[in-house]
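Colleague: I would like to look at this structure with you. Could we begin with its aromatic rings?

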Amino acid sequence: MNEKFIISTNGEVLCKCSVDAKGVVIIPEGIVAIKQDAFKGCKDVTNVVFPKTLKRIGSCAFEGCESLRSVQIAKCVKYIGKGAFKGCRRVESADIPSSIEELPDSMFDGCISLTAVKMAEDGLKVIGDYCFKMCISLKKITIPRSVISMGRAFTECWNLRTVIMTTNKIRVSKRVFEGCGEDITVHCCIPATSFLKISNSYCPQKPKQRSIRKKLFAKKILAPHFLNLYSIPSDVVTIEEEAFCYCTGLRLIEISQSIRRIENRAFKDCSNLIRLTIKEGVEVIGRNAFENCIGLTNLYLPDSLKVIKDFAFSGCTALTEVSISQYTQVAATAFDAKIKITYRQ
């Protein structure tokens, strides 16, 4: 070790580390804060051991520490400043404890070797703009359920393929995956209100029934970024008109058994929708509901379905075969003429 620290007179603030420091740097116990730019440019520091007394890491504190291999934030740390680990090109892993409520703007910007990020399941609430910008080795990330806001966090993460969101209360920037690869998939393992801002709909008999509102998703989920929507809340009964229309990034959706109606043009022009599961319970599919969903290849529609209206599946050019109950009322123009329809008894 060859660390040379400048420490405040009260012994609580690490003001500066010499750029000559090498290898493993152990920060003394009693240090409460690391000042802004304290380790900036310490290119030969490979690892930092944080004291149990540490509470704050200042902005750009470790910016440009090009040999730093991992970031293990101590559980006592409460605050991290902007760009704290920006440009740490060799950092491969980061461990964020539950004591951290916000990952600030540009925290890991330019950490091009970062492949593994572990965030505690509780505590973290905000992921700031450009937090993981240019983390080009990052392929998968899981967003903790405690997160309620996420900015343009993953800009230019070219190799990011899988984003797992386990939260149901989150606001997400429309540019959160700007500049990412063409086959990124967002998995909503439980309903994510970042995408599903589901409104309460008034119903005197069943006041808890809700709907996915008209035009809520329209043109908001666009290729090359993809959303696989695995579940919809059990109290949602209606997908309103044009709710998902022109969502070229919608690739998979499972429509839960609580839903009774899929209204007109609900999924119109969802051109990359390749898998559609409609569970028992749905009674009505509206006009043009799935028009021009050119990725659909075959369908099994539930026995509960009473009505399929005009042009519901018009223009689904890859659709070849549909299985429907013989008791379902099907409009003459609901399907293109070439589609084989099998009526079940």
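Modeller: What follows covers the ring pairs, then the charges over rings. This is a predicted model, in which local features need pLDDT of at least 70, side-chain atom pairs count only at pLDDT 80 or more, and totals for chains, interfaces and linings use all residues. Residues are numbered from 1 along each chain as its sequence is written, and side-chain values use heavy atoms, with hydrogens and water left out.

Colleague: How many aromatic pairs are there?

Modeller: The count comes to twelve aromatic pairs. Rings of Phe, Tyr and Trp (its six-membered ring) pair if their centres lie within 6.5 Å; planes under 30 degrees apart count as stacked, over 60 as edge-to-face and the rest as tilted. Phe 5 and Phe 39 form an edge-to-face pair, 6.4 Å centre to centre with 65 degrees between the planes.

Colleague: Is Phe 39 buried or exposed?

Modeller: Phe 39 is buried, at 0% relative accessibility, whereas Phe 5 is partly exposed at 22%. Buried means under 20% relative accessible area, exposed over 50%, and partly exposed in between (1.4 Å probe, protein chains only).

Colleague: Why is the pair of Phe 154 and Phe 177 called stacked?

Modeller: Their ring centres are 5.9 Å apart and their planes lie at 25 degrees, so the pair is stacked. Phe 154 is buried at 0%, and Phe 177 is buried at 7%.

Colleague: Now charges: which ring does Arg 344 sit over?

Modeller: The charged end of Arg 344 sits over the ring of Tyr 300, 4.0 Å from its centre. The rule requires NZ of Lys or CZ of Arg within 6 Å of the ring centre and within 35 degrees of the ring normal. Lys 133 lies over the face of Tyr 130, at 5.2 Å from the ring centre.
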